[in-house]
Structure formats: structure tokens, C-alpha cells
Amino acid sequence: MAPRKIIIDTDPGQDDAVAILLALASPDEVDVLGITAVAGNVPLDLTSKNALIICELAGKVDVPVYAGCDRPLGRPLVTAEHVHGKTGLDGPSLPDPTKQLTPGHGVDFIIDTLRSEAPGTVTLCPLGPLTNIATAFQKAPDIVDKVQQVVLMGGAYFEVGNITPTAEFNIYVDPQAADIVFKSGIDIVVMPLDVTHKALVTQSRNDAFRALGTPTGIAVAQMTDFFERFDKEKYGSAGAPLHDPCVTAYLIKPDLFTGRRVNVEIETQSELTLGMTVADWWGVTDRPKNALFIGDLDDDGFFALLTERLARL
């Protein structure tokens, strides 16, 4: 089979970085048409720069990187330096990129790509807030029917929230954008906290990254060393959850994951539960099922795949 064509929409973020590296290391399964940066974990100037740094780390300087939206659709930007550090990629000491951003806006790249590629052949892979995706859908409604699938990291059900008591960060940052995407009618696969909190980088798994002895393997280990301090303190877990690599791992090896097709609605009004992903897990409403909501993964298989692919870079 030909590799699956994807656009990665991202706000790097250490776990975003690992997700991008996994995709770039897997050209037989995924063809990364381009990367679009969005404001999220850190502001847009840093997420754009970080995407360039990651491409250079992977030795994939031919992948175009575009800057996208610098703020959510209808509210001020909320960032997460308390998790990712002031650069978004704190941990390793990586050089500033020599690679430049591709001219043009990330939203326009998404629109132009979906219009130029055959319908149903491009999958959108958002790893951060959904601002770029929703803006593209609003600006060019004709592209919605051309999207093969949206595979995203965001939301939660049993794990509730990580930025508020009820909301996961990516959805909370731009709930209006998430609402647009989930109401689009596109086939959506969701990697919520329910599954990503099971993708834990334990000490032995991080040692395996470092033991690769490559700049990529060592950088990933250093990113996780930094990233995990927050999650260990907050959750009392054995290590950091690698949220965003679940998206690219699903594209490469979907049988690592299990979930349930349910209706997911986004709360956009309530001050108390803004950004909540209201997943009808038990089917108690008659709302149409609009998403495959992933709940579990083969964590050993996930980390075996990740380590094997990082070794290629």
C-alpha cells in the first residue's frame, strides 16, 4: 500500500516533537506532506521554531513547515510553559534551526493541499488546539468533504481534565475550534487522556531511547527527563505520558489501540466546564456517533514501535 498522506498540525511541545519524529521515521506508512504550527503549548513564534528544530533533528529538512494561527478563535491564548518550559522544548540543548519557515499561512497550506490532492486521500493530524483546522474549514467549506480522516490528540472522559477539572488542554485552549471540527461530519479518531495516560515513559523505556546513542534518541530521552517531572508530581505516575505520539502510532499500527465509536460534543458556554469533551460513552443519548474514542493501547507494543523507529533517524 502507498503511504498515507498526512498533514501534522502541532504546537511543539516535547510530546509533539516525539510524535513528529515518529512520523518522519516511518515513510513507508505515512507521507508527511507538511507541518503547520499553531499557538498552544507556547506562542506561535516558538511552536513554529520548534517544528523547524524537530525536522532538522530528524534530518528531514525537505518537509515544509508553515506558521498558522497565533491565537484561538474567540478567546485569549492559554499556554503551558509550566509543563513544557519556556521554549516548549526544554530539556535537550538543541541548536537554533537553519531551516526557514515556508512562505505562506498554514491555514492556506491546508486548504490548498486538500484541494490539490485526490478527495479522501489526506488525513489531518492535529496534536494541539484545533484553531488551524477549524479556520481552514470556515474559510473553505469545500475542503471538509475532501478530508480522509482527522486523527487528533485531545479531550478526555474517565480521566476528566488536566488544565481544568473537566477539560483537557488542547480542547480547552480553543473550544470553539474543537466544536467546529467535531460537528464537521468528518470521520474522527480521538486520542484522549484516557489512552495517553497509559503511554507512560518509565525509566527503562527512557533508558532504551538514550541507549540508541543517536542525537535523536538522546534528545528524546532528555525531553522526557524534563517533561516527566510535572506529571510525576501531579499524577504520582511512574513517568510522563507521551500524549501526541499516540496519533502517529495509530496511523502506523492501529491494532495497538482499542476504542469505542461514540458521540462527542464540546462544551463552549459553561464557565465551569468550558472545553469539556462530553463523550456519550454509554450511549445514553440518541446523538449520532461522530468519533472513535480510543480508550486503551498495547503500551509495550507502542514503545517497541517508537524505539525501533527512532533508531532509524
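1. Arg115 is partly exposed, with a relative accessible area of 44%; the classes are buried under 20%, exposed over 50% and partly exposed in between, for a 1.4 Å probe and protein chains only. The model is predicted: local features need pLDDT of at least 70, side-chain atom pairs count only at pLDDT 80 or more, and totals for chains, interfaces and linings use all residues. Residues are numbered from 1 along each chain as its sequence is written, and side-chain values use heavy atoms, with hydrogens and water left out.

2. The partner of Arg115 is Asp142, in a salt bridge of 2.8 Å, N to O. This pair links distant parts of the chain, 27 residues apart: Arg115 sits in helix α4 (residues 106-116), Asp142 in the loop between α5 (131-139) and β5 (147-153). Helices (H or I, at least four residues) and strands (E, at least two) are DSSP runs numbered from the N terminus. Asp142 is partly exposed at 37%.

3. A salt bridge here is a side-chain nitrogen of Lys or Arg within 4 Å of a carboxyl oxygen of Asp or Glu. By this rule there are 14 salt bridges.

4. Glu308 and Arg312 form a salt bridge at 3.0 Å, N to O. Glu308 and Arg312 also belong to a salt-bridge network with Glu29 and Arg309. Arg312 is partly exposed, with a relative accessible area of 43%.

5. Asp70 and Arg71 pair at 3.0 Å, N to O. Arg71 is exposed at 55%, while Asp70 is partly exposed at 41%.

6. Trp282 lies in the loop between β11 (277-279) and β12 (291-297) and is exposed, with a relative accessible area of 55%.
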